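User: I would like to learn how to read a model feature by feature. Please take me through one.

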Amino acid sequence: MTEADVNPKAYPLADAHLTKKLLDLVQQSCNYKQLRKGANEGEAAKGC
């Protein structure tokens, strides 16, 4: 990911280890059906 790809509002970014840990946690919560969709995330957010 280059600096041009990153939204300037997204700083400070997590390092690679923490990013992996966060993504694993989100995936795990998805598997346990503990995630809730927001108002603007209907059927398009079926990634889980």
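Analyst: We start with the ground rules and then go from the whole chain to single residues. This is a predicted model: local features need pLDDT of at least 70, side-chain atom pairs count only at pLDDT 80 or more, and totals for chains, interfaces and linings use all residues. Residues are numbered from 1 along each chain as its sequence is written, and side-chain values use heavy atoms, with hydrogens and water left out.

User: How many helices and strands does the protein chain have?

Analyst: Helices (H or I, at least four residues) and strands (E, at least two) are DSSP runs, numbered from the N terminus. The protein chain has one helix and zero strands.

User: What span does helix 1 reach, and what is expected?

Analyst: The expected span is 1.5 Å times one less than the number of residues. Helix 1 covers residues 16–31, 16 residues in total. From first C-alpha to last, helix 1 reaches 23 Å, close to the expected 22 Å. Just after helix 1, lysine 33 has a positive phi of about 60 degrees.

User: How much of the protein chain is buried?

Analyst: Buried means under 20% relative accessible area, exposed over 50%, partly exposed in between (1.4 Å probe, protein chains only). Of the 48 residues in the protein chain, 6% are buried.

User: Is serine 29 buried or exposed?

Analyst: Serine 29 lies in helix 1. Its relative accessible area is 13%, so serine 29 counts as buried. Leaving aside neighbours within four places in sequence, serine 29 contacts Gln34 and Leu35 (heavy atoms within 4.5 Å).

User: Which side chains meet in a salt bridge?

Analyst: Side chains of opposite charge can pair when their charged atoms come close. A salt bridge here is a side-chain nitrogen of Lys or Arg within 4 Å of a carboxyl oxygen of Asp or Glu. The whole structure has one. It joins lysine 20 and aspartate 24, at 3.2 Å, N to O. Both lie in helix 1, four residues apart, about one turn of the helix.

User: Where do lysine 20 and aspartate 24 fall on the accessibility scale?

Analyst: Lysine 20 is at 52% relative accessibility, so it counts as exposed. Aspartate 24 is at 42%, so it is partly exposed.
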